[in-house]
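Visitor: Please take me slowly through one part of this structure, and then set its neighbours and a few other details beside it. I would like one connected account that I can follow while I look at the model.

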Amino acid sequence: MIIVMKPDAREDWVRAVIDRVEKEGLRPVLLSGTERKVIAVIGDERRVSEEAFSVLKGVERVMPVLKPYKLVSREFQPESSIVRCGGVAIGGKECVVMAGPCAVESEKQIIETALAVKAAGARILRGGAFKPRTGPYDFQGLQKKGLEYLQSAKKESGLPIVTEVVDPRDVPLVGDYADMFQIGTRNMQNFLLLREVGKTQKPVLLKRGMQSLYKEFLLAAEYILSEGNRNVVLCERGIRTFETHTRNTLDLNLVPAVKELSHLPIVVDPSHGTGRRGFVAAMSRAAIAAGADGLILEVHPAPDEALTDADQTISTIQFAALMKQLAAVADAVDRVLPSPSESVACG
Ligand code: PEP
Ligand code: MN
């Protein structure tokens, strides 16, 4: 349940409510809104009645949250969350495009890509340093060196960085370089990793598990929020279906579903969602039209030479052309997306 305090509730009244929650064997999570404090009660709340809290001093109302996920639900927070990543707001009017190679391959490659995608209107640079590969003998990423190259690219371009963390033990290291952690599809239910990034305040791009239900996806996000980190951006990246023509099936139904069920922003990854370079533009346009808060796209100066995910990677030139189309689609659905000329003019 959610306990909403009155705007003028005193600190000691809030404390008393928290103490009472703990006494009942439940876990309080204090969330300080701009106007009033809210206490989320985590645990088996059937053991205590709402009245037990509604009579306490300073309590405005007590609301049950019927969904299994609490903190991420729209019931809990009716207004949409805006997640900030290095000065970029995700979840507002602007559709935020994150772009870059699947993997960081060299300093030259990541800097060249960063400058090109920035000029085309991308707001965040992506690039994997730790790659979760299907086979143990596949290229696993440049790891720490890759993080250093990402830092150089950030310095050169000014773009914040989103990069994947695959091991809970690497959270401090990746956190030193990343502006946003990426949790990949294979780790969506790595609960230790979710808890670890949840203990930080850094934004997290949480990708949907390739075989996960919406409920399981939102519960994975709940793990992060329940540790105190509310800066989560959800990402649809395609799921396994019986279709094999595409690498995955991009499930755009998730976009309106998340808008209904949760206050968290949702972005779409048409690169992994299709696995095909030729399909990326169409599904990017569709995602923005469906109401996505942004996109994450794999872009490389020479896509055929990409060490990972070459088949689904578009060139920097294709990316710039796509951004122009996306600006028009965003405009049609009352959103904004910086088109290449605008972003170049802005420097
Ligand atoms: C990636 O972004 O390169 C990646 C590995 O994504 P996913 O976890 O969605 O497969
Ligand atoms: Mn990839």
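Guide: Helix 3 and helix 4 make a right-handed crossing, and like everything that follows, this is read from a predicted model. The axes of helix 3 (residues 107-119) and helix 4 (residues 144-157) come within 9 Å, with a crossing angle of roughly 35 degrees. On the helix 3 side the contact is made by Glu107, Ile110, Ile111, Ala114, Leu115 and Lys118, and these meet Tyr149, Leu150, Ser152, Ala153, Glu156 and Ser157 of helix 4.

With that crossing in view, turn to strand 14, the part I would like you to examine closely. Seven of the seven residues of strand 14 (residues 294-300) are buried, so the strand is largely enclosed by the rest of the structure. Its side chains point two ways, with Gly294, Ile296, Glu298 and His300 on one side and Leu295, Leu297 and Val299 on the other, and all of these residues are buried.

Strand 14 has several strand partners. Strand 7 (residues 96-100) runs parallel to strand 14 and is joined to it by five bridges; within this pairing, Gly100 has Glu298 as its bridge partner. Strand 13 (residues 266-268) also runs parallel to strand 14, with two bridges between them, and here Val267 is partnered by Gly294. Strand 15 (residues 314-315) is likewise parallel to strand 14 and joined to it by two bridges, and in this case the partner of Val299 is Ile314.

Elsewhere, the structure holds one aromatic pair. It is formed by Phe191 and Tyr223, whose ring centres are 4.4 Å apart and whose planes stand at 25 degrees, so the pair is stacked. Phe191 counts as partly exposed because its relative accessibility is 34%, and Tyr223 counts as partly exposed at 26%.

Glu24 sits in the loop between helix 1 (11-23) and strand 2 (27-32), and at 22% relative accessibility it counts as partly exposed. Leaving aside residues up to four places away in sequence, Glu24 touches Arg47, Val48 and Phe53. The C-alpha atom of Glu24 is separated by 47 Å from that of Leu297, a residue 273 places away along the chain, and Leu297 is one of the buried residues of strand 14.

Methods. Residues numbered from 1 in each chain as written. Chains lettered and ligands numbered in written order. Predicted model: local features only at pLDDT ≥ 70, side-chain atom pairs only at ≥ 80, totals over all residues. Heavy atoms only, no water. Buried < 20%, exposed > 50% of the residue type's maximum accessible area, 1.4 Å probe, protein only. Helix = DSSP H or I, 4+ residues; strand = E, 2+ residues; numbered from the N terminus. Pairing = 2+ DSSP bridges. Phe/Tyr/Trp six-rings, centres within 6.5 Å; stacked < 30°, edge-to-face > 60°. Axes fitted to C-alpha atoms, helices over the stretch in contact; angles between N-to-C directions. Left-handed = near helix turned anticlockwise from the far one by under 90°. Contact = heavy atoms within 4.5 Å.
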